[in-house]
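Subject: Structure handover

Hi,

Here is the structure I promised to pass on. My notes on what was found follow below it.

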Amino acid sequence: MTESDLPLAGLRVLDISSFIAAPAAAVVLGDWGADVIKVEGPDGDPNRRIMHDSSNYPKSEVNYPWHMDSRNKRSLVLDLKLPEARAALDRLIAVSDVLICNFPPPVRDKLKLAYEDVKPVNPRLIYASLTGYGESGPDRDRPGFDATAYFARSGLLDAQRYEGGPPGVPGPAQGDRATAMGLVSAILMALIHRMKTGEGSWVGTSLLGNGLWSCGVIAQAALVGAFLPHRPPPERPRSALGNIYTTSDDRWLQLTIVREDKMWVPLCQAIGQPELTDDARFVTQADRRQHSADLAAILKHAFAQRDYEHWRKALADNGITFGVISRPQDVPGDEQAVACGAVVETAIDGMPRTLANPIRLGFAEQRIAGPSPALGQHSDEILGELGMSRDEIARLRQSGALR
Amino acid sequence: MSQDLPPGGPPPGGLPLSGLPLDGLVVLDVSSFIAAPAAAATLADFGADVIKIEPPDGDPHRNSFRNASYPTSDLNFPWQLDGRLKRSLALDLKNAAARGVLERLIGRADVMIVNFPPPARERLRLGWEDIEPLNPRLVYCSLTGYGESGPDRDRPGFDVSAYFGRSGILDAARYEDGPPGLSLPAQGDRATAMTLVAAILMGLRQRDRTGKGCWVGTSLYANGVWANGTSAAGALVGARLPPRQSPDKPRNALTNLYRTSDDRWLQLLMVRDDRLWAPLCTAIGRPDLLEDPRFGSRAERRERALELHRELAPIFVTRTYADWETAFAGTGIPFGVIGRLADVVDDEQARHAGIFADTDNPEIPRTVNNPIRLGFAKPRKAGPPPTIGEHSEEILREAGYSADEIDALGKSGALG
């Protein structure tokens, strides 16, 4: 397998986007062989500094979020406010396949980077737009972050809370990365369309749309007027068999028994209390739901007696579905995380392992991640490929359009 | 022209629509519950002919709406959502006579989606090795809970355990001393569906390049880790974040939740507080804070987050969310509200973003669109999802079965 065999080999992608969702989509395309050119302003993508700027990022000597979101890209710095830069960008657009843009619409208009502006330059171009809230409507111009657009506006955080508690907490960029896969799918649809018709197209998605897609079950329920009350705390679960319990070594065990009819007896056996099957309070599923607080108290006491390792074995031996609430430090050492292809090796000094994108192909492996580019690291190389002479590049740099 | 625009498509000016990109594609959805079927629904949205192959008692997802963690309704809304635009063939894959039917369908299909745990897949001879010889141009798509190998490959995976629990998302999604965070029904399944769609489209592209089918796939676990990628990448280099402080003890008072006078939660998200500190002080009517030496620099504001919170919280709680919306308009300060689904369904912006779509299904007049927007095509309108085996005969006829053969199959029990 060489890089030219990758499914997106030969595809040139302009990543004119910042922060995470749109750049992460470009990462996925790069993982599968695309030549991704990151076009940055003179200050660079602010994601280069987010680890320091955001108090919600774990701090490290290694700029891991930047490495993760920019691997295998080349960096070209253009000050798009200057006409000279725009001319260079147009030359690049003319020889590219995909342009990914996430400027809020007013900035896009100011920079003449809307689809109508770039389509004449290259009618075969696939223009991929990411917005926070969509392409029209009262909030189209608002900058969108995943915490606001994907999680808060969609109703996800309101629903993800315990009764009486504050709203739920999203992980950093959690919705951005999920949205990236929506954007990748949109771009691949457009490639199929181009193959069929020879024409480029506009495609896109929004953080809000992806947030609502992901909570589609409760959103569809809301559309028919059904709502979920806030989750009762673990002591008073709706179902004691779909609840979380702490073990003696202070891990959280997640019981997710959907097929109660089959699993009730094995569960009683697994916790060493076969007499529960005769307890009149817990005979049918309806009984168990009605007495869920009683049952939860019994299970809470039982699970607190032994450690996670014990329960892992006891539950698995009885065929009971359960999970563990892993801590971040558990994932790097989890053999299964490597087996499912989530954790892979890199060629980056100081960051020997990273997260692969979750797409698996039987016929190709993702490119190994190299170090993310320094700001403007490939400016000369990329413009040279466009046929610009050294003099032209020097003049561009003098004008301030290039760095 | 504007009424022809795809929902959430490009702004005015519009673009002509053409055929759906997946017209003519035949997809076998041999999967259950949500992640894999939702991927098939998305392919159907964009034109694919999706044949759902179900056991005689149906996909168990037909009963999910009775689940305690689902909103209570007499309408089977989750099945309406995930079964849309599919045809149903009821086939008892454990019955020997069913195998021939399946193989004939595979011979004519472009894509096959499977999510049996590996042991069931092997028992039913539905692994890629079993299927490839039947149709070398087939794109075979596998969804598992935990991957195709490793100690946990055979475990059935649900999104709450494989995507959310195992990946570290729920552990991170908690306040200090609180229980782990919550996920919503199928939340990780539906996000994973977008990855499956991308994987399948990559497989189709590969087939166009080489003429050969292929195996593609993903796992719930890998998708959870991918979504949790920032924290997970931090963990890989040994960086850890303590649990989030509750909103009255924030690490950063400028990226925090504030309660408003009408009991909504305003989410302040001032990542660029270098530029936005002055506009914020003005907008909340506290220009004096600009002169306050305690909050002169970014570092000081971070260091004195609790003091700053004590200044801000009493201000936010004096006015309604709508008042704050007005006060912040045009300032560039990123903020939002913790939305309630009751509001979202009537949210004008959700309509503009093409998030909901009208259906031809009287049971659910509106549904949730998949998040992919194409300038050249509009997703198909959803009708009612099929009853179990609703299209068995029709599909078998298309596969070349005669009426007699179909009769015989029915008698054998293969069709349930």
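Start in the sheet of chain B. E4(B) and E5(B) pair in the parallel sense over 4 bridges. Strands pair if DSSP finds at least two bridges between them. Strands (E, at least two residues) and helices (H or I, at least four) are DSSP runs, numbered from the N terminus. Within this pair, Met112(B) stands opposite Tyr140(B) in E5(B).

Before the rest, some ground rules. This is a predicted model, in which local features need pLDDT of at least 70 and side-chain atom pairs count only at pLDDT 80 or more, while totals for chains, interfaces and linings use all residues. Residues are numbered from 1 along each chain as its sequence is written, and chains are lettered from A and ligands numbered from 1 in the order in which they are written.

The sheet

The sheet is open and has 7 strands, in the order E12(A)-E6(B)-E5(B)-E4(B)-E1(B)-E2(B)-E3(B). Its pairing is mixed.

E5(B) runs parallel to E6 (residues 214-219) of chain B, with 6 bridges between them. There, Val139(B) stands opposite Cys214(B). What about burial in E5(B)? 6 of its 6 residues are buried, so E5(B) is largely enclosed by the rest of the structure. (Buried: 20 or more other C-beta atoms within 10 Å of the residue's own; exposed: 12 or fewer; partly exposed: in between; C-beta atoms are placed from the backbone.) Val139(B), Cys141(B) and Leu143(B) point one way from the strand. Tyr140(B), Ser142(B) and Thr144(B) point the other way.

Chain A joins this sheet through E12(A), which runs antiparallel to E6(B) over 2 bridges. Leu361(A) stands opposite Val216(B).

Further along, E1 (residues 26-30) and E2 (residues 49-54) of chain B run parallel, joined by 4 bridges. Asp29(B) is opposite Lys52(B) in E2(B). Helix H1 (residues 35-45) of chain B packs on the sheet and touches E1, E2, E3, E4 and E5 of chain B. Its direction makes about 160° with that of E1(B). (Angles run from 0 to 180 degrees between N-to-C directions; axes are lines fitted to C-alpha atoms, for helices over the stretch in contact.)

The chain interface

127 residues of chain A are in contact with 132 residues of chain B. (Contact: C-beta atoms, placed from the backbone, within 7 Å.) H9(A) gives the most to chain A's side, with 16 residues. That side has 69 nonpolar, 40 polar and 18 charged residues. (Nonpolar: Ala, Val, Leu, Ile, Met, Phe, Trp, Tyr, Cys and Pro; charged: Asp, Glu, Lys and Arg; polar: the others, Gly among them.)

H9 (residues 174-197) of chain A packs on H8 (residues 187-210) of chain B at about 30°, axes 8 Å apart. The two are therefore roughly parallel. (Under 35 degrees is roughly parallel, over 145 roughly antiparallel, 65 to 115 roughly perpendicular, the rest oblique.) The contact includes Met181(A) and Leu188(A) from H9(A), and Leu201(B) and Arg205(B) from H8(B). By class, this contact has 15 nonpolar, 3 polar and 2 charged residues.

A second contact of H8(B)

H8(B) also packs on H9 (residues 220-227) of chain B, at about 95° with axes 10 Å apart. That makes H8(B) roughly perpendicular to H9(B). Gly188(B), Ala191(B), Thr192(B) and Thr195(B) meet Leu220(B), Asn223(B), Gly224(B) and Ala227(B). The residues here divide into 3 nonpolar, 5 polar and no charged.

Best wishes

Definitions and conventions
Two residues are in contact if their C-beta atoms, placed from the backbone, lie within 7 Å.
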